[in-house]
Amino acid sequence: MHKVKVNDQFLFEIEQKDSALFVNGEAVQLDLSTLGNSNTHVLYQSRSFNTELVEISRAEKTCKIKVNGNIYQISIEDQFDVLLKQLGLDNLTSNKVSEIKAPMPGLVLKVLAEENAEVKKGDNLLILEAMKMENILKSSTDGVIKKVLVKQGDKVEKNQILVQFK
């Protein structure tokens, strides 16, 4: 079973049992003809629809579909998404990182980040020497740096806040 939301407004429950398609519990008959290049011709209740897949994001489970010239934003939830939502675990990945902490005690060799700078996930923020090894600490999120709380030469303890994001 999938929950499909169209334009953040209309919600449909779609299920496929054997070769039959059910929308909101009712069997639906579709005649599909693939035309190539993300285009499909659909016959439904003696009406003709030309569809085109405009954009798809598999990670976010969203897509944009053009039907007879009108574009629709579609979001899809499967049974696992529904279960995570019921358990209250659906927004764990959306928690915003607000700070970077020292993973171990060490010495700040170089600060690469600047306040109010925009950084992308994976950008180098600073170099920390610990146990005679240089460790490059990277941004774990996209964001804007609010404050750099250390400077070159500072000694830091484990879990000490080094950088804060806005």
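How many bridges pair β1 and β2, and in which sense? The two strands pair in the antiparallel sense over 5 bridges. The model is a predicted one, in which local features need pLDDT of at least 70, side-chain atom pairs count only at pLDDT 80 or more, and totals for chains, interfaces and linings use all residues. Residues are numbered from 1 along each chain as its sequence is written, and side-chain values use heavy atoms, with hydrogens and water left out.

**The sheet of 9 strands**

- An open sheet of 9 strands is arranged in the order β4-β3-β2-β1-β9-β8-β7-β6-β5, and its pairing is antiparallel.
- β4 (26–28) and β5 (31–36) stand at the edges with a single partner strand each, so one side of each has no neighbour in the sheet.
- On average, neighbouring strands of this sheet are turned by 30° against each other, direction ignored.
- Strands here are DSSP runs of E with at least two residues, helices are runs of H or I with at least four, and both are numbered from the N terminus.
- Two strands count as paired if DSSP finds at least two bridges between them.
- Strands of a sheet pair through backbone hydrogen bonds, either parallel or antiparallel.

**β1 and its partners**

- Strand β1 (residues 2–6) pairs with strand β9 (residues 70–77) in the antiparallel sense over 4 bridges.
- Val 4 has Ile 76 as its bridge partner in β9, and Val 6 stands opposite Ile 74 in β9.
- Helix α1 (residues 79–86) packs on the sheet and touches β1 and β9, and its direction makes about 65° with that of β9.
- Contact means heavy atoms within 4.5 Å; axes are lines fitted to C-alpha atoms, for helices over the stretch in contact, and angles run from 0 to 180 degrees between N-to-C directions.
- On the side of β2, the bridge partner of Lys 5 is Leu 11.
- The hairpin of β1 and β2 has 3 residues between the strands, and Asn 7 takes a positive phi near 55° there.

**Loop residues and positive phi**

- Asp 8, in the loop between β1 and β2, has a phi near 50°, a positive value in a residue other than glycine.
- Asp 8 counts as exposed, at 64% relative accessibility.
- Gln 45, in the loop between β6 and β7, also has a positive phi, of about 50°, although it is not a glycine.
- Gln 45 is exposed, with a relative accessible area of 59%.
- The cut-offs for relative accessible area are under 20% for buried, over 50% for exposed and in between for partly exposed (1.4 Å probe, protein chains only).

**Asn 68 and Asn 70**

- Asn 68 lies in the loop between β8 and β9 and counts as partly exposed at 42% relative accessibility.
- Not counting residues up to four places away in sequence, Asn 68 touches Ser 48, Phe 49 and Asn 50.
- The C-alpha atoms of Asn 68 and Asn 50 are separated by 5.2 Å, with the two residues 18 apart along the chain.
- Asn 70, in strand β9, is partly exposed at 43% relative accessibility.
- Between the C-alpha atoms of Asn 70 and Thr 51, 19 residues apart along the chain, the separation is 9.3 Å.

**The largest pocket**

- The largest pocket has a volume of about 1,300 Å³.
- Of its 32 lining residues, the closest to the centre are Ile 14, Leu 21, Leu 30, Val 42 and Ile 65.
- β7 gives the most to this lining, with 5 residues.
- The lining divides into 22 nonpolar, 8 polar and 2 charged residues.
- Ala, Val, Leu, Ile, Met, Phe, Trp, Tyr, Cys and Pro count as nonpolar, Asp, Glu, Lys and Arg as charged, and the others, Gly among them, as polar.
- On a 1 Å grid over the protein atoms alone, a pocket is an open set of points where a 1.4 Å probe fits, with protein on both sides within 12 Å along at least five of seven lines, and lining residues have an atom within 4 Å of a point.
- Grid points are joined across faces, edges and corners, and a volume is the space filled by probe spheres set on the points.

- Strand β11 (residues 106–111) runs antiparallel to strand β16 (residues 155–156), joined by 2 bridges, and to strand β13 (residues 124–130), joined by 4 bridges.
- Leu 107 stands opposite Lys 155 in β16 and opposite Glu 129 in β13.
- Thr 141, in the loop between β14 (133–138) and β15 (143–148), is buried at a relative accessible area of 16%.
- Leaving aside neighbours within four places in sequence, Thr 141 is in contact with Val 97, Val 119, Lys 120, Lys 121 and Phe 165.
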